[in-house]
Each structure stands twice: as structure tokens, then as C-alpha cells.
Amino acid sequence: MIREIGFVSSYPAIMDNNKIFNTKGENDLFEPFNILKQKLSSKKISINTIDLIDNFKKLDLLIVSRHENNIHKLFDIIKLNPTIKILLISTEEISVALTQAKNLLEIGLFDRILTWRDDDIDGDLFFKYNYWNPHREYQFNPQKSRKLLCLINSYKKNYYRSKHNIYSKRFELIEFFNSRQEFDLFGHGWLKYKKKLKCYKGSVENKIEIYQNYDFAFIFENSNNEKGGISEKLWDAFAAGCIPIYYGAPNILDYIPLDCFIDFRNFSDLKALLVFLKNMSVSEKRNKRKAIKKFMSSKEYENFTSEGFCRTMIRNINQLGKLKSTKKNILKIKFIFIKKLIINRISILKHKRLYYNLLISKNF
């Protein structure tokens, strides 16, 4: 039975000291974890970030995200508590974080892995979850005047030239729309772009408030090949009644009706898309928004909210509590991990910190 849980955060500066459980975070992104802690507490289960835990031997379970950033912490805890169970929440696309690939997760470190990647789910080690999102209420104001089109995304260099990484598509559309008055760009970091962007309007504190000023928004995931990979971006646009132009999860229609969005894949080029958007009638836009509003009141949408996330987490925690504990061998885990990294030809330079933690850490 699980009674004590430690959470190993991806980004200690914003998540340690139970911030992920006690604060809302930017755009309320931590709300699902706030609610999860409350629900677990009602079941007499304690969960805290590991910086607040003074005795790792008492832990029954570790919940981890971005394990490659925290591998030395995991080994430190395993050394003290070799039979501790570890649940990984996969939080990044493979084209962004190469170590999230299925074969690189099968290293004997995890007792269970939660992933949105439908093709990975096997009911043995890999189980389904939807990326955590706060519950959004539909907030469309029909009296508000709107511009045509926007994109909200931070500027990041595309380090991984995977054919499935679609950062480059964002750059293409920004270049196309840069001199056009119909389009505005928002997000952090665009002042570092290779040239000055006329379309850039600054960073954003509240995405929904921005989306409320536009009829349409580009909603691009980081990758175009991960079935089930639907992030928070879509729900922010939905909440504002801003019609998404979506590109990402190839099986998006398994989750969301086409009536709710515009499929970017259906257009031969950006010129054709722009003509389509400009010619969409008021009644057609109204019908899209009706479909969005209907979807956001459905059980299908609930699966992507805090409620759905907590339900999934608690079910998996309970199931892990019934599994027999097995002793983890740090040396064996390191050997398998390094061997797979080499076989997969992952650049040592790009992952030098990971290699250092694997090879040089004190508990080798």
C-alpha cells in the first residue's frame, strides 16, 4: 500500500518546496497537482517534493518527470531505498527530449510509465495518461471585436533536427505572415530571433485574454508524429472561443471532433489557408464555437482536465501499491541506459551532463 510519495521535479527553481502542489503556476498550470495533493490527502496518502523529505527510507513511491535531468537524485534515493517504486510521467515529445523514446525508458528503473503516446501503451510498463491541464471554462464574448489571426509560442532554437519536430513550421508561418497586418505573434524570446519581426507584440501573462482578441490561432505541438500528444495549447484557445488551426497529434480526430478546429494538414500552403480564413462566414465561425462549447462541457474534455489527471494518477498509484516490490540494481540500470544511448547514437555533447551523472556519480 502506498502511503508516502516523493515528487522529483523537473525544474527545482519553480517546483521545489511543494510549489507545484501549493501554487497555481503560470496560467494555472499547476492546478492539477494542487488538486491531486488534496485528493491524496483525503485518502491518507502524503505527497511532497523530495527537498522536503528528510528520510527517503520511508518513501513507498517516487513520481518523476524528466528523469534524465534528475538521474543522480534517483540513484541517491535508490541507494538508501533499493525497493522503492518509481512512476515516470513522460512530459516531453521525443523530438525535443530524445531520452523519452520507449526503448530508452525500458532500462529497469521504472515500475510504471505514464505516457500520452498511444503507440507505446502496452498495459505492462506503459499506461495512458493525458498531459495535465487546468480545467478551463468557455469564456467567449460575442460583443468583442477581433483581429484575424495569432500565434502564442516562445522562441526556442531547434537543436534536434528530427523530421517530426515542427518548430521549423512555426518559423515558416512567422516568415510568411510577418509583414501582414492580419497576424500577431506573442511569446517569450522572439527579440533573439535572427531578424526583427514586425508581427511581434511581446510576451504574454494570460493566454486566454490574448486569444479573446482573435478569431483564429495557430496551435502547433512540438511534434507531428505522436498519437495522443495533445498539450495545454489547444484548451487555452478553446476557452477563449478562438478557433484553433491545429497541427500536431496525427490522430487528433480520435479525441476531438473536426467541427471544433481547422486541420492545418488540409491546406496545400499558407496562401490557401489565409484565403480560407478570410472567406469563412460569420455563421461558419459561430458553428465552430458552438462545437467548441459543446465539447468543453463533455466527459471527453474532462479527461484532459485536472479531474481526469487526478483520476488517472490515483488509479495508477493504487495499482502500484498492490504490486510486489523488487530491488533495483543501480549498476545494471546504468549499464543498460548507457548501452542504449550509444546504440541510439545520441550525441554525447548534447547530453554531456547526463553522461556525467551516469558515469561519474558517487553511487556508481
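Visitor: Which residue does Lys328 form a salt bridge with?
Guide: Asp111. The closest N and O atoms are 2.8 Å apart. A salt bridge here is a side-chain nitrogen of Lys or Arg within 4 Å of a carboxyl oxygen of Asp or Glu. This is a predicted model, where local features need pLDDT of at least 70 and side-chain atom pairs count only at pLDDT 80 or more, while totals for chains, interfaces and linings use all residues. Residues are numbered from 1 along each chain as its sequence is written, and side-chain values use heavy atoms, with hydrogens and water left out.

Visitor: Where do the two partners sit?
Guide: Lys328 is in the loop between α12 and α13 (330-343). Asp111 is in the loop between α5 (102-105) and β5 (112-115). The pair links distant parts of the chain, 217 residues apart. Helices (H or I, at least four residues) and strands (E, at least two) are DSSP runs, numbered from the N terminus.

Visitor: Is Lys328 buried or exposed?
Guide: Buried, with a relative accessible area of 7%. Buried means under 20% relative accessible area, exposed over 50%, and partly exposed in between (1.4 Å probe, protein chains only).

Visitor: How many salt bridges does the structure hold?
Guide: It holds 18. Another one joins Lys39 and Glu307, with the closest N and O atoms 3.9 Å apart. Lys39 is in helix α3 (residues 31-42) and Glu307 in helix α12 (residues 306-321). They are 268 residues apart.

Visitor: How accessible are Lys39 and Glu307?
Guide: Lys39 has 28% relative accessibility and counts as partly exposed. Glu307 is partly exposed too, at 36%.

Visitor: What about Asp236: which residue does it bridge to?
Guide: Arg136, with the closest N and O atoms 3.0 Å apart. Asp236 lies in helix α8, and Arg136 in the loop between β6 (126-128) and β7 (147-152). That is 100 residues apart in the chain. Asp236 is buried at 2% relative accessible area. Arg136 is buried at 10%.

Visitor: Which residues are linked with them in a network of salt bridges?
Guide: Lys207 and Glu232 join Arg136 and Asp236 in that network.

Visitor: Back to α8. Why is it largely enclosed?
Guide: 8 of the 8 residues of α8 (residues 233-240) are buried, so the rest of the structure largely encloses the helix. Among them are Lys233, Trp235 and Phe238.

Visitor: What covers the buried residues of α8?
Guide: The cover includes α6 (167-177), α7 (207-211), β9 (214-220), β10 (243-247), α10 (282-295) and α11 (299-302). Contact means heavy atoms within 4.5 Å.

Visitor: And what follows α8?
Guide: Gly241, whose phi is positive, near 70 degrees.

Visitor: New topic: rings. How many aromatic pairs are there?
Guide: The structure holds 35. Rings of Phe, Tyr and Trp (its six-membered ring) pair if their centres lie within 6.5 Å; planes under 30 degrees apart count as stacked, over 60 as edge-to-face and the rest as tilted. Take Phe177 and Phe218: their centres are 5.7 Å apart and their planes at 55 degrees, so this pair is tilted. Phe177 is in helix α6 and Phe218 in strand β9, so the pair ties together parts 41 residues apart in sequence.

Visitor: Which charged end sits over the ring of Phe176?
Guide: That of Arg180, 4.3 Å from the ring centre. The rule is NZ of Lys or CZ of Arg within 6 Å of the ring centre and within 35 degrees of the ring normal.

Visitor: Last topic, strands. What is the order of the open sheet?
Guide: β8-β7-β9-β10-β11, 5 strands with parallel pairing. The edge strands are β8 (183-186) and β11 (262-263), each pairing on one side only. Two strands pair if DSSP finds at least two bridges between them. β7 and β8 have 4 bridges.

Visitor: And what about β5: how are its faces covered?
Guide: Arg112 and Leu114 are buried on one side, Ile113 and Thr115 on the other. Strand β4 (residues 85-89) runs parallel to β5, joined by 3 bridges. β5 and β6 are also parallel, with 3 bridges.
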